[in-house]
Amino acid sequence: MNHVLRVGRDVYITSGFTDGKGNEHLLYKDGHYSGFGDYAAPALKGNDNFFFNSSISAGTEGKNVIWDFHRCRDLIRCYDLQGKLLEEIRIKNTNKKRIKDEHEYCYYKIKWNSSYIAVMYNNSEIGIDGFYELDNEQRPREMQIWTWDGILKQRLTFDIPIDNYCISEEGILYAIISNKPNVIYTYKLDY
């Protein structure tokens with residue numbers, strides 16, 4: 001199972017099957033699962049549909065929604081816990097341009113607390129292949145901070161190559177650089 005979210009007592013939401021068939025998500029409840037959410041169009045074949053048209057998601061107990069941030073599209077979707085699509089958001093004012101014969105690369109590395117969702121965003125012309133060809137220090141880094149109501153609170157650009165982070169309930173962002181594991185960077189998120 002990919003990207004498992006526990007959203008209630010014995011209620012889980014996961015990514016769909018890696019063969020790219022069916023729905024983007026699976027809802028597991030009362031010992032049964034059902035699919036929901038259509039992959040973003042255009043559909044690709046096989047595993048490519050799962051990888052390039054799927055998303056990373058935020059969801060937790062106590063919230064009535066999950067938020068999907070698409071890996072290879074400037075697309076964010078919100079679903080209720082029964083799988084009904086509630087909202088779609090497309091990011092404006094990005095530096096992105098369509099790259100011929102290369103898949104875009106948008107959202108990666110998502111974390112959340114009870115108030116906010118933080119997600120890394122590739123706000124550049126660099127597609128997925130080019131992004132991973134760069135050294136960690138050269139990769140563009142933008143973090144977007146969203147509320148659970150779908151409001152973009154802040155777009156942060158880092159001057160250091162953070163590659164792992166978390167957010168405390170007190171609104172502190174803790175970040176590290178993997179080749180400097182003895183240093184923890186802290187940022188106060190003021191809203």
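Tyrosine 187 is partly exposed, because its relative accessible area of 26% falls between the 20% under which a residue counts as buried and the 50% over which a residue counts as exposed. This value, like the others in this report, was computed from a predicted model. Tyrosine 187 belongs to strand β15, which spans residues 185–188. When its neighbours within four places in sequence are left aside, tyrosine 187 has contacts with Phe158, Ile160, Gly171, Ile172, Leu173 and Ala175. Lysine 21 lies 166 residues away from tyrosine 187 along the chain, and the C-alpha atoms of these two residues are 41 Å apart.

Elsewhere in the chain, an open sheet is built from four strands in the order β9-β10-β11-β12, with antiparallel pairing. Its edges are formed by β9 (107–112) and β12 (152–157), each of which pairs on one side only, and from one strand to the next the twist averages 20°. Strands of a sheet pair through backbone hydrogen bonds, in either a parallel or an antiparallel arrangement. Here, β9 and strand β10 (residues 116–121) are joined in the antiparallel sense over five bridges, and lysine 111 has alanine 118, in β10, as its bridge partner.

As for the confidence of the prediction, the protein has a mean pLDDT of 87, and 94% of its residues reach 70 or more. The table sets out the elements with the lowest and the highest mean pLDDT.

| Element | Residues | Mean pLDDT |
|---|---|---|
| Helix α1 | residues 47–53 | 81 (lowest among the elements) |
| Strand β7 | residues 76–80 | 96 (highest among the elements) |

Key:
Residues numbered from 1 in each chain as written. Predicted model: local features only at pLDDT ≥ 70, side-chain atom pairs only at ≥ 80, totals over all residues. Heavy atoms only, no water. Pairing = 2+ DSSP bridges. Helix = DSSP H or I, 4+ residues; strand = E, 2+ residues; numbered from the N terminus. Axes fitted to C-alpha atoms, helices over the stretch in contact; angles between N-to-C directions. pLDDT = per-residue confidence, 0-100. Buried < 20%, exposed > 50% of the residue type's maximum accessible area, 1.4 Å probe, protein only. Contact = heavy atoms within 4.5 Å.
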